[in-house]
Amino acid sequence: MIEVGEEGGTASVRAAVTDFVNVMGYCEHKLGLIARGVQVPQPEAVRRGGEAHVMEERRDARDVEERVARGELVPATEEAIADPGAPIEIERESVYTTYESPVSVGDRAARVRLVGRADKVCRVGGALRVVDNKFASDPSKYEGRDGPFLDQKLQVLAYLNSSFSPDPARAEELDIPHERKEWSVQIHDAATREPAVTFVGEQGPRDLALLRSRLARFAGIALGWVEPAHHDNPRKCRPCQYLGVCEFALRGGAPDKG
Ligand code: SF4
């Protein structure tokens, strides 16, 4: 979902976090296709990832229960959430996020609102931590990497800087006091659902600058103020769900290994 409009005389862009990261972390030409609501079948990897997420939700609920029983976590009651020293984990998939920010695109101004739902929100040693789980059909592509891919990083940063709510209508605010912010991207093997690689980092000024610059460019493209750039990489087009309908698709190049 990507919508543009005007609020109080200022241009506005509203989008799902997943669409924002798909565009700014993968291909800027996806924006027009998403905004026009072009329908394409769900890629098999996405469908399998969705199923794995549901299984992970169940496994995680059992794990949290056991750790609460062992005294490693306190139940995430209102009182515990309000205590900055209490280690807590909010029930998986139950935190709705809204990230709102003014942006400047050249000498023009706009407002962006990104809405989403975090996989997991916790507080660990005084740090607010957002965890995102990914299920990779080929976890070996993470070998030698010292951080997540750009779309994965933007996704956790967008959640981490959002306001939280326990309900999809976002009527109620969920305030989690904290001293600093951390993100975690956990890669699982899609076939076995076993953890393969985990990236964890503390949010610093460079992370915030990255998020803000991508947000401004995203708004600029959505509003037609900036032309989308092409990645010029046929290997990115090959697995793209829009390959069959995209006028900018690149074909050819060396086949993928395996
Ligand atoms: S087919 Fe290629 S150019 Fe078109 S949206 Fe997908 S990745 Fe981008």
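What follows is a short chat about the chain, its sheet, one arginine and the ligand.

Visitor: Before we start, is this from an experiment or a prediction?
Guide: This is a predicted model.

Visitor: Okay. How many helices and strands does the chain have?
Guide: The chain has 7 helices and 10 strands.

Visitor: And what are its dimensions along the principal axes?
Guide: The C-alpha trace spans about 55 × 50 × 30 Å along those axes.

Visitor: What share of the residues is buried?
Guide: Buried residues are 28% of the 258 in the chain.

Visitor: And what about contacts between residues 24 or more positions apart?
Guide: They account for 66% of the chain's contacts with a separation of 6 or more.

Visitor: Let's switch to the sheet. What is the strand order?
Guide: It is an open sheet of 5 strands, in the order S3-S6-S7-S9-S10, and the pairing is mixed. Strand S3 (88-89) and strand S10 (195-202) are the edge strands, each pairing on one side only.

Visitor: How does S3 pair with S6, parallel or antiparallel?
Guide: S3 and strand S6 (residues 120-124) are antiparallel, with 2 bridges between them. In that pairing, Ile88 stands opposite Arg123 in S6.

Visitor: Which strands does H3 lie across?
Guide: H3 lies across S3, strand S7 (127-136) and strand S9 (180-189), and runs at about 135 degrees to S7. Helix H5 (residues 150-160) lies across S7 and S9, at about 145 degrees to S7.

Visitor: Now Arg58, where does that one sit?
Guide: Arg58 is in helix H3, which covers residues 44-69.

Visitor: Is Arg58 buried or exposed, and why?
Guide: Arg58 counts as exposed because it has 10 C-beta neighbours inside 10 Å, and the cut-off for exposed is 12 or fewer.

Visitor: How far is Arg58 from Arg92?
Guide: They are 34 residues apart in sequence, and their C-alpha atoms are 9.0 Å apart in space.

Visitor: Last topic: which residues surround the ligand?
Guide: The ligand is surrounded by Cys27, His29, Lys30, Lys236, Cys237, Cys240, Tyr242, Leu243, Cys246, Phe248 and Ala249.

Visitor: How does that shell split by class?
Guide: The shell around the ligand has 8 nonpolar residues, 1 polar and 2 charged.

Methods: Residues are numbered from 1 along each chain as its sequence is written. This is a predicted model: local features need pLDDT of at least 70, side-chain atom pairs count only at pLDDT 80 or more; totals for chains, interfaces and linings use all residues. Helices (H or I, at least four residues) and strands (E, at least two) are DSSP runs, numbered from the N terminus. A residue is buried if 20 or more other C-beta atoms lie within 10 Å of its own, exposed if 12 or fewer, and partly exposed in between; C-beta atoms are placed from the backbone. A residue is near a molecule or strand if its C-beta atom, placed from the backbone, lies within 6 Å of it. Ala, Val, Leu, Ile, Met, Phe, Trp, Tyr, Cys and Pro count as nonpolar, Asp, Glu, Lys and Arg as charged, and the others, Gly among them, as polar. Two residues are in contact if their C-beta atoms, placed from the backbone, lie within 7 Å. Two strands pair if DSSP finds at least two bridges between them. Axes are lines fitted to C-alpha atoms, for helices over the stretch in contact, and angles run from 0 to 180 degrees between N-to-C directions.
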